[in-house]
Every structure is written in structure tokens, then in C-alpha cells.
Amino acid sequence: MTAAQRRGRKLMMTPGELEEFLATERVCRVATVSADGSPHVSPLWFVWHGGSLWLYSLTRSRRWAGLRRDARLAVVVDAGREYDELRGAELTGTAAFVGEVPRTGQPHAALEPVERLFARKYFGLGTLPHDGRHAWLRLTPDAVTSWDFRKLGSPTPPPAAR
């Protein structure tokens, strides 16, 4: 069950807005915990499907090694350039490793729709080509916080810009 957002309700996305946003944005930032406890943030491609964020990660990456040690993660997906255009979501929870590692394309019912979406979104293809270097992570969020500054109406610039 996803925790309810308590603050910023005026700016939060509706469930439909959040679904559309996560389905259409292309890059997220994934935060993991390094072996020494320091944070590590990296960009990654993703798809949103079935209430989960599906991340296609290199298996020989600092991110993957960090998640093998500690599967907790936070992911931010955001968009906008000007203050009154900013919108996004932070999703937090625990990563689940799905399918073979690395992914070679063995049949896997849960991955079929995810890989179809991913192939279409990033490569314009009907099927995902497997390179033997990537594998799937699924984040079914424990908590989601969203914001959409476009809901403020006429922009009030941040204090530094006044």
C-alpha cells in the first residue's frame, strides 16, 4: 500500500495525472546507498506499468552493486524548466530483481508487457533487443510524493529571483 501524501496537497498530482506523467517521461534519477553509506544518484530509463516503476539497469554498475547490498531506493522523475512549469514525483521503496541476471530474453510473463512498453518507448520497436548486460528492477513504491507547480496559477518567482 502506498503511503498518502500529507504535505503539498494543493500541488500534488491526481492519480490520473501521475499515471500519465510516469507513463510519458523518459528519464528518472535513481538514488541508492553505497557500501560506505554515502548516497549515489544516477539517471536511468524506465517504464511505468501495473503500479510499478520498471528500471532497466546495467548489472555491472555501481547502482546494481549498491542495490544488491541494500535494496532500498528513491527515484525522482521530474520535468519543467521555468519555476511555474516544474512538476515531478518521488517514489521510494525496495527494489525487486526480476528475471534472469543479466537478461537474455528467457520467457518471463511479468516482463513481457514491460519489455514491449520499453522497446516501443525508447527504440520504436515491438520487441526489446537483449544485450546480456542489463537486467530488470521493479519498484512498487511504499510512498509517492508528487508536485505540479503549474497548479499555482500565475507564477510567483522563488525568493532568489525577486
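A residue is partly exposed if its relative accessible area lies between the buried limit of under 20% and the exposed limit of over 50%. By this cut-off tryptophan 45, at 34%, is partly exposed. The legends below describe a predicted model.

View 1. Leucine 125 belongs to the loop between α3 (111-123) and β6 (134-139). With a relative accessibility of 40%, leucine 125 is partly exposed. Phenylalanine 123 is also partly exposed, at 41% relative accessibility.

**View 2. The ring pair of Trp45 and Phe123.** Eleven aromatic pairs are found in the whole structure. In the pair of tryptophan 45 and phenylalanine 123, the ring centres are 5.9 Å apart and the planes stand at 70°, so the arrangement is edge-to-face. Tryptophan 45 is part of strand β2 (residues 39-49) and phenylalanine 123 is part of helix α3, so this pair ties together parts 78 residues apart in sequence.

**View 3. Cluster of aromatic rings.** Ring pairs join Trp45, Trp54, Tyr56, Phe118, Tyr122, Phe123 and Trp136 into a cluster.

**View 4. Charged side chains over ring faces.** Arginine 26 is placed over the face of tryptophan 45, at 5.9 Å from the ring centre. Lysine 121 is placed over the face of phenylalanine 46, at 4.3 Å from the ring centre.

Technical notes:
Residues numbered from 1 in each chain as written. Predicted model: local features only at pLDDT ≥ 70, side-chain atom pairs only at ≥ 80, totals over all residues. Heavy atoms only, no water. Helix = DSSP H or I, 4+ residues; strand = E, 2+ residues; numbered from the N terminus. Buried < 20%, exposed > 50% of the residue type's maximum accessible area, 1.4 Å probe, protein only. Phe/Tyr/Trp six-rings, centres within 6.5 Å; stacked < 30°, edge-to-face > 60°. Lys NZ or Arg CZ within 6 Å of the ring centre and 35° of its normal.
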